[in-house]
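User: Could you walk me through this structure, taking it a piece at a time?
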Amino acid sequence: MANQLGFYVNLSACSGCKACQIACQDKNDLQDGRKWRRVVEVEGGEWLKVGEAWTHNIFSYYVSTACYHCENPPCMDVCPANAITKRDDGIVLIDEDKCIGCRYCEWACPYGAPQLNDSTGVMTKCDLCHDYVDAGQKPACVSVCPMRALDFGDMDELRAKYGEVENVYPLPDPAMTRPAAVFKPHKDTVLTDSGSATIVNGEEI
Amino acid sequence: MSEKNLLNDLVNKTVMSRRSFMKWSAALGGTAAVLANGGIPSSLAQNADSLGSAFAEEGDVYRCACPAHNCGGRCPILVHVKDGVITRISSDDSNYDEIDKPRVLACTRGRAYRRRQYHPDRLKYPMKRVGPRGSGEFEQISWDEALDTVASEMQRIKDTYGNQAFFVPYGTGGSGGFNGRGTAMRLMNLFGGSLNFYNNYSWAATQVATPIVYGTQSTGAQRQDWVNSRYILMWGWNPSEMIDGTNTAYFVKKARENGAKVISIDPRQSLSTVALADEWIPIRPGTDSAMLTAMAYVIVTEDLHDKDFIERCCVGFDQSQMPEGYEDEESYVDYLMGTVDGVPKTPEWAEAITAVPAAKIAQIAREYATVKPAMMYQGYGMQRREWGEEAVRAGCVLPAITGNVGISGGWAGGIAFQVGGGAGGAGFPSGSNPISASIPSVEWHEAVLRGTEMGPEDGLRGVDQLDTNIKMIYAVASNCLINQHPNINRTAEILADESLCEFILIHEHFMTPTAKFADILLPAAMPFEFYGITGSWKYGEEAMFQRKLLDPPFETMSDFDICAAIADRLGLGEEYTEGLSNEEWMQRIVEQRRERYEDFPTWEELMDNNVGFFQRRVEEPSFAFKDFRENPEENPLDTPSGKIEIFSAAMFDRNDPERIPAVPKYIPEVEGPFGPKASEYPLQAMGHHYMPRVHSTHDENPWTKEAFPQRLFMNSIDARERGIEDGDMVRVFNDYGTVMIPVRVTNKIMPGVVDLPQGAWYDPDENGIDRGGCINVLTSHRVTPIAFGNTQHSVVVQVEKA
């Protein structure tokens, strides 16, 4: 049993196609706008006309993001109903039978992972496809990525295989919650918020 | 009614006479270990070893082809079915993923398919038009009434006008053999034929231009060879979105991992650019041949060209190798140096046209000519333009003069079908057309309007003159009557006139903009509701089984069954079906495929062992022109000279040098930044192939639409000049029409260019302003000079805040 399962996200290979997002919606039957996995588009740079030509330093990259099954999950801490638990393998789950729909977890989570199911009035989020994982399969998002940009597994193994980068803009500082994720940056990835890059697809996420 | 209720409604109303599907999970023990070791022939173990057990709980799981439509990819998916309803589409979870036999992974569109299948707006019953044509006013009728009407109209039109009056337009919504236009062509062919078309909306110019230079369309390689390339120019090529063969973007990624430098030349920073390119060079749309020409200028003046290859394998490069009888004409080097026109094609010349800095053009030229082998891959967007043939020819010449042709890791350019490989074979035959008359695919509106007046100058072939205008259009799985056809407003006017085309018959899944123009509209079943077969087309080594998992809901019928029923009314039923059902046809096709590939699965293996997917391994990838390069005398090309024709005597002989030059040239577009309309319409509009759709298919899907809403993408500088802010509603217009759509202000598109992704459904308001964001409201009926191809990407517009 892994101590902590988590995701690997290779920003340098991600095309922002959102196959992961929709595979997740399909697997979890999210037909009401909820996106347990979503893809943030980041952009920066300027255009400059020199003579007849346009020059630029425009850059862009995508961050596919979901629940990071944090080592210190703030959602769990704030839940008044004790509806959120962390399994031995690190997967953070919401017990929808216990959830009272107060949305504290949504406010506490810096990743916006918990999302309200309007029709049932309870919170929902990425469960790392624990049913697949328990059966030896990969999570839906990982298994469908056409660019093979996603992986999952035990965090120690992921770090050994993919390195130690644990933060990319626009994700929040990992120090507080210890998200179970490791990233391979895109060549243009901004590691921390320096004002040089912005999220440009707000309406899509 | 909510969608969920409609789904239940759909399920309940449908007589679910569930077939006795082999429940593979039960039959085979339901664990991966058992599957890997038992029940499946060893030759198929590669296919079967990945079927996991975790999915079994979600219902029965079937390995099927993604319906694909006209997607650039063809992908296997796992379809979960529970109580007669598709509950999930999951991935082929193979552990094997090597370059010689990669996993074949469906994209965003395939992932979202369930919401297309169970969309509440699916057409459910036969209908007849009751309002003016195009109004979208219909009334439900019985199948008997529909079929009787169709049969009597077909007979009337045949008797009155003859078979040239029938037309089955281009349409690519079906990809399995038993759906799509092929089913209608079979019927029409049996009925005496119909007016043909040649070329298509995708490749018209390149299919003609590539053979002008190389004598063939098979100028490509199997993609495994790409990892041998050291330098890749992705020129207007966006495989991550249009999926130019499943895994194509992945193969570029592998080439990059192997050390290739990748440059993207594109007016917008595409998904592919972000994922795959080391550098993005924006270029004005429609000016590609100017940059290519200037690159050639740099290569030649800096003596970087491959003189040996040019001498052995090309004609018309310079005065020393002009074909006999053309010695005094303008060679390619003459054009580059401005010997005749007085204009040297320097990088500075090209900078003013392309907006690419001259130094950058020179740098890319040097890198391309010296970092070998190099691959310059041109997308097809640049050939759906006014001078599409020239962009392709110029793109073929550069690989030739740098000697990147006929070598591993190189790339000859052009349409670039792969040499060798594939896994295709027999399908449902559409027969042959007794009518020889043929028009360009995109010129049918002219044949409706004035067919009998058309001649060779309009691209008419096969006859000197048509006997009749088009009087009946039979569109199956085609949104090309309106949505995907240029100049929608003019086209709609032609179609709406019932005195011109007298009868329009359409099979569809949805009330598309085209379907609204039907006189009789028939509800087609979707893939998963009948059997079919599909496979990789341009690149790839795969074939896939389209399995019938569901009964057609409501009163829908497959295109095959609809055509068979019409054929029956016309006394051609037995000839149409040959006495076989859809399932029996598939069994025949599988046997025919097995004659070609002995390890192709049997019908029983497909059905009982859930194989569903056939993939060939590529160990030694093939590439084009190897033999030619080694010995061009013994292995000549299929060109008039037997060599690579930089100068084409055939084009010279057309005697139309301003439009059809003998060497590839840059020619400014009418609908372009230097054309007569540029001051009124200062922005170029492109309509790229957008991730959420395959052309106009999937525009109805809430999941893909939510992920990628239809927007006008506009540079921040252009937006600022117009007082436009991100999210504003804007008016996009030119002489052809007006679109109103929210804007996305972004710096990922160059100034002077806006992008209205093609394929969104035309949705006119009461003033005729399109609210759906369909770029074809803004496109022209102009065709290319050699191929008579569509020019739908040559568009200029103005944009203002609404």
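Analyst: Two residues are in contact if their C-beta atoms, placed from the backbone, lie within 7 Å. This is a predicted model, in which local features need pLDDT of at least 70, side-chain atom pairs count only at pLDDT 80 or more, and totals for chains, interfaces and linings use all residues. Residues are numbered from 1 along each chain as its sequence is written, while chains are lettered from A and ligands numbered from 1 in the order in which they are written.

User: How many residues of domain 1 of chain B are in contact with domain 2 of chain B?
Analyst: On the domain 1 side 19 residues take part, and they are in contact with 23 residues of domain 2 of chain B. The assignment, which is automatic or from a database, gives domain 1 as 209–421 + 625–652 and domain 2 as 683–801.

User: And what separates the centres of domain 1 and domain 2 of chain B?
Analyst: Taken over C-alpha atoms, the centres of these two domains of chain B are 29 Å apart.

User: New topic: how many residues does the contact take from chain A and from chain B?
Analyst: The contact takes 44 residues from chain A and 41 residues from chain B. The chain B side divides into 22 nonpolar (Ala, Val, Leu, Ile, Met, Phe, Trp, Tyr, Cys and Pro), 9 charged (Asp, Glu, Lys and Arg) and 10 polar residues (the others, Gly among them).
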